[in-house]
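Please examine the model shown below before reading on. The paragraphs that follow lead through it step by step.

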Amino acid sequence: MIKNLNYIDEAVYQKEKDLFFDESWILVAHKNELLNNNDFVTFEYYGDKIFVQNFNGTIKSFQNVCLHRFNTIHQEPYGNRVSSCLYHNWTYGKKGNVVGLMCRNSFEKDDINELRLKEYEVGYCGDFIFIKLNNQLDKNLEQYLGNIFTPLEDISKHFGSKTIDYTIEHNVNWKLLVENVLECYHCTSVHENSFAKMGFGSVSPEKFDFYDAHSWCEFPKGESAKQSKIIEKSLSSRTFKPQGYLHFYIYPNAFISSVEGKGFYFGFMLPESPSKTNLRVRYFAPKFDKELSESEQNIIDFINNSSNESLDLVLNEDKKIIENIQSNLVKFKDSSPIFGDEEFRILKFYEYFNGKKELKDI
Ligand code: FES
Ligand SMILES: [Fe+2]
């Protein structure tokens, strides 16, 4: 049995946060979100506002707070505009420096020239964009991801364009979200009408791999409801066709999954307090190895819409359960959950996580 886990206390939460900041690269975006000059994506990670932006073809990441009087630079979760603060229009360039401001002469020139937004190093795993939170960390992204780097790189190449991007608030500790996605033991009961109908959850996974806290796993397809021939045909020229449901957990913040390469889910976990975690939900269409005709594109749009609806259903089915668990945990602080063989990825995750010396003296 693993040691007692804590989903409640502020002190534990703070230690976990420090650990993430010290040792992590975090997965923040896919290149397809930042294809054009001035495309940007923003997020707030443990209270730090950060943006990633295409500056004339170079992807850069900075603090999303203006150096003048600390307004947020980009207010939206994503979009396309120059990185200028809307309070007094200070505009930032690709070095995080101030490249434009009104009434420049009213400020000390040297002071302005020296200003730089805090910058985060950007790293790539295929088309996935990561940033390094701690610039003292002496691991590059390849070392950080170990043997997960190559399969993650492979899947990244098959993402098409983004179809949705929204956030679901969860009244749960981040660990419950991680535990929930690391097993499909609950799929036949919780997702009876969605996931289980597609044929997943009844067959144990055969292919998987781990590196530190990262892991991937492929769940084979069992008996499923018949798919329409038109849908199968329309998807037949997609570039990626794994046999089952593929799932990646990239420690600490990201979940990537795909049902037979027919579309891609990218979940981004943003903890806010010991009992609150936001889940940013992005979905990407598949890529095709040929140009689609208008009628094929219409069918693909229909498929993407229904995938988005099923994803929303699945996420809300999970949310209901884990919020329920969180509310019970206050009374079960001194008891450990029990994980069995079907929950092997959770055990592997805690084997790494509980072994961290930063968390040992809690
Ligand atoms: S606070 Fe940003 S320009 Fe003034
Ligand atoms: Fe689930």
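**Helix 5 and its surroundings**

The buried residues of helix 5 pack against a set of strands, namely strand 10 (159-170), strand 13, strand 15 and strand 16 (276-286), and also against helix 8 and helix 9 (344-353). The model in which these contacts are found is a predicted one. Helix 5 is mostly covered, since six of its eight residues are buried. The buried residues in this helix are Trp174, Lys175, Leu176, Leu177, Val178 and Glu179.

One of these partners, helix 8, may be considered in detail. Two packed helices are described by the angle between their axes and the distance between the axes. Helix 5 (residues 174-181) and helix 8 (residues 294-329) pack at an angle of about 135 degrees, and their axes lie 10 Å apart. That angle makes helix 5 oblique to helix 8. The crossing of helix 5 past helix 8 is right-handed. On the side of helix 5, the residues that meet the other helix are Leu176, Leu177 and Asn180; on the side of helix 8, they are Asp318, Ile322, Ile325 and Gln326. The residues of this contact divide into four nonpolar, two polar and one charged.

Helix 8 also contains Leu315. Lys221, by contrast, is 94 residues from Leu315 in sequence and 20 Å from Leu315 in space, C-alpha to C-alpha.

Most residues other than glycine have a negative phi, and most peptide bonds are trans. Asn89, in the loop between strand 5 (78-80) and strand 6 (91-92), has a positive phi, near 65 degrees, and is not a glycine. With 13 other C-beta atoms within 10 Å, Asn89 is partly exposed. Glu260 is likewise a residue other than glycine with a positive phi, of about 55 degrees. Glu260 is placed in the loop between strand 14 and strand 15 (264-273). In the case of Glu260, 20 other C-beta atoms lie within 10 Å, and this residue is therefore buried.

Where is Pro252 found? Pro252 is in the loop between strand 13 (245-250) and strand 14 (254-259). The peptide bond that leads from Tyr251 to Pro252 is cis, and its omega is near 0 degrees.

These parts may now be placed within the whole protein. Its secondary structure comes to 10 helices and 16 strands. The radius of gyration is 22 Å, close to the 21 Å that the globule rule gives for 362 residues, and the protein is therefore as compact as a globular protein of that length. The C-alpha trace spans about 70 × 60 × 35 Å along its principal axes. Of the 362 residues, 35% are buried. Among the contacts with a separation of 6 or more, 62% are between residues 24 or more positions apart.

How values were computed: Residues numbered from 1 in each chain as written. Chains lettered and ligands numbered in written order. Predicted model: local features only at pLDDT ≥ 70, side-chain atom pairs only at ≥ 80, totals over all residues. Axes fitted to C-alpha atoms, helices over the stretch in contact; angles between N-to-C directions. Helix = DSSP H or I, 4+ residues; strand = E, 2+ residues; numbered from the N terminus. Parallel < 35°, antiparallel > 145°, perpendicular 65-115°, else oblique. Left-handed = near helix turned anticlockwise from the far one by under 90°. Contact = placed C-beta atoms within 7 Å. Nonpolar A, V, L, I, M, F, W, Y, C, P; charged D, E, K, R; others polar. Rg over C-alpha atoms; globule rule 2.2 N^0.38 Å. Buried ≥ 20, exposed ≤ 12 C-beta atoms within 10 Å, placed from the backbone.
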